[in-house]
Amino acid sequence: MPYRLYNRVGSGGFVVEAALALAETAFELEELDSRPSTPLPESFRIHNPWRQVPTLILPDGSTMSETAAILIHLSACHQDKELGPKPGTPAHAQFLRWMVFANVNVYEAVLRRPYTKRYTTDPNGLEAVREAATLRLGEALSVLEAAIDDSPFLVGKNLSVLDVYVAMLFTWYRGDAQFPKLDMLKASVKGNTIVGPIWHRHFGDR
């Protein structure tokens, strides 16, 4: 059976959809009719007990969740498509390093704004959580900005799913700091002939 991806427009599942397209592998897209930042229906627990997308059903029928884990898995399964560096190499070590960094520090800071109530039980503290999230996000993006050398990409000279992931997270930044290298990375992702149309469907011209 092909992969089956549960997703919704404008969500973090964009990057998994892009990764499957880059892998040139067959997949079925189940697009949920709901807006990002709103809870998924209780019935979705049968697919993901955390009621989150992306949720990916693998060809053997098992389920994967957690965006970074899915991207690492797809990269390993489709090495001929070079979604990431070859496992066991120094470049792959950096790929894993920045993938986990982006997931733990950048994505988590992004989520603190629309899902603020997850991060405090004090109703008077919601705005403080949002402000802290924006600051933390800017700090994490500064680390990624410094990690980019002459190439527009984070690891090596070629586009990887790590770059697509970081570009997606960067487009959700709402602070005042400037990140010219991340701007360049995002432009490269948006300009990719495979990823670009998927980006436009999810995020328009952002």
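The exercises below work through the fold, the sheet and the helix packing of a predicted model.

Residues are numbered from 1 along each chain as its sequence is written. In this predicted model local features need pLDDT of at least 70, side-chain atom pairs count only at pLDDT 80 or more, and totals for chains, interfaces and linings use all residues, while side-chain values use heavy atoms, with hydrogens and water left out.

**Exercise 1. Overall fold**

Task: State how many helices and strands the protein chain has, and in which pattern they follow along the sequence.

Solution. Step 1: the elements are DSSP runs, helices being H or I of at least four residues and strands E of at least two, numbered from the N terminus. Step 2: on this basis the protein chain has 7 helices and 4 strands. Step 3: read along the sequence, their pattern is β-α-β-β-β-α-α-α-α-α-α. Step 4: the radius of gyration is 17 Å, close to the 17 Å of the globule rule for 206 residues, so the protein chain is as compact as a globular protein of that length. The radius is taken over C-alpha atoms, and the rule is 2.2 Å times the number of residues to the power 0.38. Step 5: the C-alpha trace spans about 50 × 45 × 30 Å along its principal axes.

**Exercise 2. The sheet and its loops**

Task: Give the strand order of the sheet and find its edge strands.

Solution. Step 1: the 4 strands form an open sheet in the order 2-1-3-4, with mixed pairing; two strands pair if DSSP finds at least two bridges between them. Step 2: strand 2 (27-31) and strand 4 (63-64) are the edge strands, each pairing on one side only. Step 3: strand 3 (residues 55-57) and strand 4 run antiparallel and are joined by 2 bridges. Ile 57 has Thr 63 in strand 4 as its bridge partner. Step 4: helix 1 (residues 14-22) packs on the sheet, where it touches strand 1 (3-7), strand 2 and strand 3. Contact means heavy atoms within 4.5 Å. The direction of helix 1 makes about 155 degrees with that of strand 1. Axes are lines fitted to C-alpha atoms, for helices over the stretch in contact, and angles run from 0 to 180 degrees between N-to-C directions. Step 5: two loops have backbone features to note. In the loop between helix 1 and strand 2 lies Glu 24, with a positive phi of about 55 degrees although it is not a glycine. In the loop between strand 2 and strand 3 lies Pro 54, and the peptide bond from Val 53 to Pro 54 is cis, with omega near 5 degrees.

**Exercise 3. Helix 3 against helix 5**

Task: Describe how helix 3 and helix 5 cross, and which residues meet.

Solution. Step 1: the axes of helix 3 (residues 90-111) and helix 5 come within 10 Å and cross at roughly 15 degrees. Step 2: helix 3 is therefore roughly parallel to helix 5; angles under 35 degrees count as roughly parallel, over 145 as roughly antiparallel, 65 to 115 as roughly perpendicular and the rest as oblique. Step 3: residues of helix 3 including Trp 98, Met 99 and Tyr 107 meet residues of helix 5, among them Leu 162, Tyr 165 and Leu 169. Step 4: this contact of helix 3 with helix 5 has 12 nonpolar, 1 polar and no charged residues. Ala, Val, Leu, Ile, Met, Phe, Trp, Tyr, Cys and Pro count as nonpolar, Asp, Glu, Lys and Arg as charged, and the others, Gly among them, as polar.

**Exercise 4. Helix 6 against helix 7**

Task: Find the packing angle of helix 6 and helix 7.

Solution. Step 1: helix 6 and helix 7 (residues 195-203) pack at about 105 degrees, with axes 7 Å apart. Step 2: helix 6 is therefore roughly perpendicular to helix 7. Step 3: Lys 186, Val 189 and Lys 190 of helix 6 make the contact with Val 195, Gly 196 and Trp 199 of helix 7.
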